[in-house]
Amino acid sequence: MAALDLDYLSEYLDGEENEFGLDFAATHGFLCAVAVGPELKNWLSLLFDENEKKVPTQVIEQVKQWLVDIRQTLANEELIEFPFEIEEADVDSSLGDWSVGFVDAMFLNEEAWFTDELEDALVELTLPIMVFSGIDEEDPQMESFRRNGQLMDDLAQEIPDNLTEIYLLYHAPE
């Protein structure tokens with residue numbers, strides 16, 4: 001398998017040719033959810049809206065390699081890093097796009113994610129991601145979070161640690 005080429009993936013995923021997939025940041029969020037959460041068997045098909053056969057083979061191989069790299073980072077007990085600079089802790093940013101991808105994957109597998117014994121912990125651990133995703137726009141509490149710049153910065157800083165905690169909920173031996 002070829003080495004991971006994030007420049008190639010960024011060019012394709014953020015480009016005009018990408019008719020079926022998420023953008024670069026959202027794809028990374030989606031893959032992070034696949035890596036840290038419970039198994040999502042048909043993740044590749046879901047990522048490309050069931051059109052993965054229309055996506056260039058090299059892109060598919062690179063996306064698979066990206067997931068392998070994310071999983072390896074977790075297995076090495078390292079924090080997942082965003083493949084972009086957090087220029088602004090805001091819903092309308094790369095981190096907002098990343099969060100949309102994460103939430104998409106999470107809700108595609110909602111029953112497996114939100115079991116009775118994990119729901120309370122998950123609500124707390126995914127709160128920063130939910131805030132940045134822009135979901136629940138009508139929720140006054142979410143809106144008050146989004147208007148507080150310092151809180152948004154703090155929430156952004158929590159996400160890498162929270163990803164590790166989520167990973168441990170699903171993948172650590174009991």
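Over the chain the average pLDDT is 91, and 96% of the residues score at least 70. I keep in mind that where pLDDT is low, the predicted coordinates should not be read in detail.

For my own record, this is a predicted model, in which local features need pLDDT of at least 70 and side-chain atom pairs count only at pLDDT 80 or more, while totals for chains, interfaces and linings use all residues. Residues are numbered from 1 along each chain as its sequence is written, and side-chain values use heavy atoms, with hydrogens and water left out.

**Helix α8.** I took helices as DSSP runs (H or I, at least four residues), numbered from the N terminus. In α8, residues 140-147, I found M142, F145 and R146 buried, buried meaning under 20% relative accessible area, exposed over 50% and partly exposed in between (1.4 Å probe, protein chains only). These residues lie on the same side of α8 because they cover an arc of only 95° around the axis, the arc being that of the directions from the helix axis to the C-beta atoms. P140 and R147, on the other side of α8, are exposed. The buried residues of α8 pack against α7 (119-133) and α9 (149-171), with contact taken as heavy atoms within 4.5 Å.

**Helix α4.** I checked the length of α4 (residues 57-75): its 19 residues should span 27 Å at 1.5 Å a residue, and the end C-alpha atoms are 27 Å apart, which agrees; the expected span is 1.5 Å times one less than the number of residues. Its buried residues include W66, L67, I70 and L74, and among the elements that cover the buried residues of α4 are α1 (6-13), α2 (24-36) and α9. After α4 comes E77, with a positive phi near 60°.

**Salt bridges.** I counted three, requiring a side-chain nitrogen of Lys or Arg within 4 Å of a carboxyl oxygen of Asp or Glu. E143 and R146 meet at 3.2 Å, N to O; they are three residues apart in α8, about one helical turn, and E143 is partly exposed at 27% relative accessibility, whereas R146 is buried at 14%. K64 and E61 meet at 3.9 Å, N to O, also about one helical turn apart, in α4. E39 and K41 pair at 3.6 Å, N to O, where E39 is exposed at 60% and K41 is exposed at 69%.

Definitions and conventions: Helix = DSSP H or I, 4+ residues; strand = E, 2+ residues; numbered from the N terminus. pLDDT = per-residue confidence, 0-100.
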